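Subject: Structure for you to look at

Hi there,

Here is the structure I promised to pass on. Please have it open while you read the notes below it.

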Amino acid sequence: MRIRMLFLGVLLGAIVLSGSWGKIQAAEEAESEVRMAPGTEVNFSPEVVAGYIHAVIAADRALYTTHVVDRMQENRIVIAAEAWKQRKALPLPAQMLLMGGKVAEMGGSGLRYRLASLWPIYEENGPSTDFEEAGLKSVAENPDEVYSGIIKRGDQRFFKAIFADRAVSKACVECHNGHLLSSKHDFKLGDVMGGIIISFPLPSEKKETH
């Protein structure tokens, strides 16, 4: 009986010790994630940063399109429409992206993003600079390549990247093909309809001192 009690005691102790060790180990692992000294620089190229931003924008848009717009329309619950406020409908995926870009711009970080096209329904959604026009032409011809560069606004430098924007849903295609103001009426799913333009500020250039 004593041997049995001793065995149970050892076993219980081992379990408690094991649990405590697991907590200590987990705490150490969690702590190791934040051990970098304050002010430590982690350098990313602006191309990588733009790619991360685009990945988030594209993921949000794809989920909204497939799990909200397409699903609601297929089940005849609510449609997506350009005049969504007046018709009590859902905003089109492109409208959601444009609204998101305006909210991001209001955040004060200097980040901007928007949709633009060589065949815009509305003029304000066309290229606003020679850089954007060249970039939209480039991604229309080479959708897998990103058109990017550094631009200046006053004394501030910005990195600007243009990613191909493909027709991701029937709603996109039907809106552009059927719109009276559209200059192109033969889009198909998967076609490049324009570009997602992303820009954000770069650190100021360090001036050499002699």
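Predicted model: local features only at pLDDT ≥ 70, side-chain atom pairs only at ≥ 80, totals over all residues.

Let's begin with helix α3, which runs over residues 93–106. The buried residues of α3 are P93, Q95, L97 and G101. Their cover includes α2 (46–74), β1 (112–116), α5 (170–178) and β4 (192–201). Just after the helix comes G108, with a positive phi of about 90 degrees.

The largest nonpolar core has 14 residues, and the ones that touch the most other members are I57, I198 and F200. At least two residues of this core come from each of α2, β1, β3 (156–166) and β4. F200 is worth a click: leaving aside residues up to four places away in sequence, it touches P46, V49, A50, I53, G110, L111, R157, F158 and F159. There is also a second, separate core of 10 residues, with F131, F158, I162 and A164 among them. As general background, nonpolar side chains tend to be buried together in soluble globular proteins.

On the surface, though, V42, F44, V48 and Y52 form a nonpolar patch, and together they have about 400 Å² of accessible area. Of these, V42 sits in the loop between α1 (2–32) and α2.

Happy browsing, and do write back with any questions!

Best wishes

Note on methods:
Residues numbered from 1 in each chain as written. Heavy atoms only, no water. Helix = DSSP H or I, 4+ residues; strand = E, 2+ residues; numbered from the N terminus. Expected span 1.5 Å × (residues − 1). Buried < 20%, exposed > 50% of the residue type's maximum accessible area, 1.4 Å probe, protein only. Contact = heavy atoms within 4.5 Å. Core = buried A, V, L, I, M, F, W, Y, C linked by side-chain atoms within 4.5 Å. Patch = residues over 30% accessible without salt bridge, like charges linked within 9 Å, V, L, I, M, F, W, Y side chains within 5 Å. Areas by Shrake-Rupley, 256 points an atom, 1.4 Å probe, with all protein chains shown as cover. Salt bridge = Lys/Arg side-chain N within 4 Å of Asp/Glu carboxyl O.
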